[in-house]
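Me: I've got a model open on my screen and I'd like to talk it through. Could you walk me around it while I ask questions?

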Amino acid sequence: MKNKNEKNINDKALKTISRANKKAVIAVIFSIVFSVSFIVALFYYFFVSKLDIAKKNDEPLYFAVLFIDDNREQIYGAYVGIVSSLNNRIGLIGLPRNIALWENKNYNPSILNELYKNGGENAVFRAIETSVDKKISYRISIDNNQISDIIDLIGGVKMYIEEPIEYKDEENGYELSFGIGEWLFTGKKIISYLHYLTMKGYEDIETLYRLEDVIVNCMMSLIQSPQLRNIIHVQSMRNTVFSKVKSNLRPPDIKAFSNILANSNERTLVIENIDARIDDNGVLTPIFEGSAFIKQMDDLTLYVELKTQKSELNNEDVSLTVLNATTVVGLADRINIRMRYRGFSAGEYGNFMTNLNESVVLIRDGQIEKAFMVAREGRINRVYAKTDRRVLNNVVLILGNDYYEITQ
């Protein structure tokens, strides 16, 4: 009887030890799995970019940027884009705040600004993703204070003023006073510029034009300034700039985007506006029930993903306005004819409102490359964006007293 009890005690002890060993083994395995997972997650967070993966797999990667006005109560508009680090290109489609998009395809579209007021940033991003029928990998939002801080961090942005501006809104603190010509805009002036609207009935679209001016002129500065590109390359600087935006960008993503900007050229950025129709209530809706929007993004994807470095554009793709800002009679007519001989689709010509010493090229529709094509032909160093997609001609050549063909 005693032996039997001892045997039972031993069996129980062995079972207890066995259970303890199993628990210990499970705990060790769990610890190993957790540690490996943590290390992998940490490595992925700090060293692996979705952009780099897309580059390796030769796949497109889509993102969206939301620009938010005062006190984060309403928006300026948004952009949906494709980026390729393989080809060093970014394509954007502008979405004015009165565009109606589908947060859910089973329901009617909702105005972007209303989506933001009712559902916040996530509602806007969901609507963009659903409407464009693409997976949005990066979601970025930036408000007035952040826009101002970033502009000041990069030393301001050069803008070109076609018509004198005298604008003051004491209640909100907006103020502009600029004559015709080149000006360096600080962060506060940029915010005032975004609120300086003159197109009655089309304020939502004009706001997007102003925003495009800021984006494109920043890119122009990068293209034309090796010093600024070098600044963007500096890790501390790029981290500071990107810390000013709210996003799901991780350190390697920031580095990948910064590399694109630091190596930017005239083909790096192209901006389009969404194909939409405005109704009697002033609401924009993508045409063909949104299928045109999807097609537009697919076409932009093809451009951004082009592996050739040779431009697809010819001079005939540029429709040109020539304006005479000198006292030389008939100069605009003469240069207009010469530009037509050189292949440009030169159309309108006339006199500028004042005399200028320096010639300038302005791009109207976000296709930076077209502006540089005209600038090279005219031996002009000053190239700016002054967006206005209502006009037929997409590039303006303003002839100043320094224009090289004046006496020829």
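Me: By class, how many nonpolar, polar and charged residues are there in the lining of the second largest cavity?
Reply: Bear in mind that this is a predicted model. The second largest cavity holds about 50 Å³ of space, and its lining includes L51, V83, S84 and E305. Sorted by class, that lining has 5 nonpolar, 2 polar and 4 charged residues.

Me: Which element gives the most to the lining of the second largest cavity?
Reply: The elements that give two or more residues to this lining are α2 and β2 (75–84). With 3 residues, the top contributor is α2.

Me: OK, and which residues of α2 and α9 make the contact between those helices?
Reply: Two packed helices are described by the angle between their axes and the distance between the axes. Here the axes of α2 (residues 50–57) and α9 (residues 251–262) come within 7 Å and cross at roughly 65°. By class, the contact has 3 nonpolar, no polar and 3 charged residues. On the α9 side it is made by D253, A256 and F257, and on the α2 side by K50, L51 and D52.

Me: Which helix gives the largest share of the lining of the largest cavity?
Reply: The lining of this cavity is made of 28 residues. The largest share is 6 residues, and they come from α6.

Me: And the largest pocket, which residues lie nearest its centre?
Reply: About 570 Å³ of space lies in the largest pocket. Its lining divides into 13 nonpolar, 5 polar and 9 charged residues. Elements giving two or more residues to that lining are β7 (157–161), α6 (203–224), β15 (319–324) and β16 (345–351). Of the 27 lining residues, the ones nearest the centre are E162, E163, R364, K386 and D388.

Me: Which residues of α8 are buried, and why do they line one face of the helix?
Reply: An α-helix has 3.6 residues a turn, so residues three or four places apart point the same way. In α8 (residues 235–242), the buried ones are M237, R238, V241 and F242. Looking down the axis of α8, these buried residues fall within an arc of 120°, so they line one face.

Me: What do the buried residues of α8 pack against?
Reply: The residues to look at are M237, R238, V241 and F242, which are buried in α8. Their packing partners are α4 (144–153), α7 (226–233) and α9.

Me: Is Q296 buried or exposed?
Reply: Q296 sits in helix α10 (residues 291–304). Leaving aside neighbours within four places in sequence, Q296 is in contact with I93, E272, N273, I274 and D275. Its relative accessible area is 6%, and the cut-off for buried is under 20%, so Q296 counts as buried.

Me: How far apart are I180 and T354 in space, C-alpha to C-alpha?
Reply: I180 lies in the loop between β9 (174–178) and β10 (181–185), and is partly exposed, with a relative accessible area of 24%. Its contacts beyond four places in sequence include Y160, E162, F352 and T354. I180 and T354 are 174 residues apart in sequence, but in space the C-alpha to C-alpha distance is 8.6 Å.

Me: What is the phi of D133?
Reply: Most residues other than glycine have a negative phi, and most peptide bonds are trans. D133 is in the loop between α3 (112–132) and β6 (136–143), and is exposed at 54% relative accessible area. D133 is not a glycine, yet its phi is positive, near 55°.

Me: Where does E289 lie?
Reply: E289 also has a positive phi, about 55°, although it is not a glycine. At 64% relative accessibility, E289 counts as exposed. Its place is the loop between β14 (284–286) and α10.

Methods: Residues numbered from 1 in each chain as written. Predicted model: local features only at pLDDT ≥ 70, side-chain atom pairs only at ≥ 80, totals over all residues. Heavy atoms only, no water. Axes fitted to C-alpha atoms, helices over the stretch in contact; angles between N-to-C directions. Helix = DSSP H or I, 4+ residues; strand = E, 2+ residues; numbered from the N terminus. Contact = heavy atoms within 4.5 Å. Nonpolar A, V, L, I, M, F, W, Y, C, P; charged D, E, K, R; others polar. Buried < 20%, exposed > 50% of the residue type's maximum accessible area, 1.4 Å probe, protein only. Arc of directions from axis to C-beta. 1 Å grid on protein atoms, 1.4 Å probe; cavity = no way out; pocket = protein on both sides within 12 Å on 5 of 7 lines; lining within 4 Å. Points joined across faces, edges and corners; volume = space filled by probe spheres on them.
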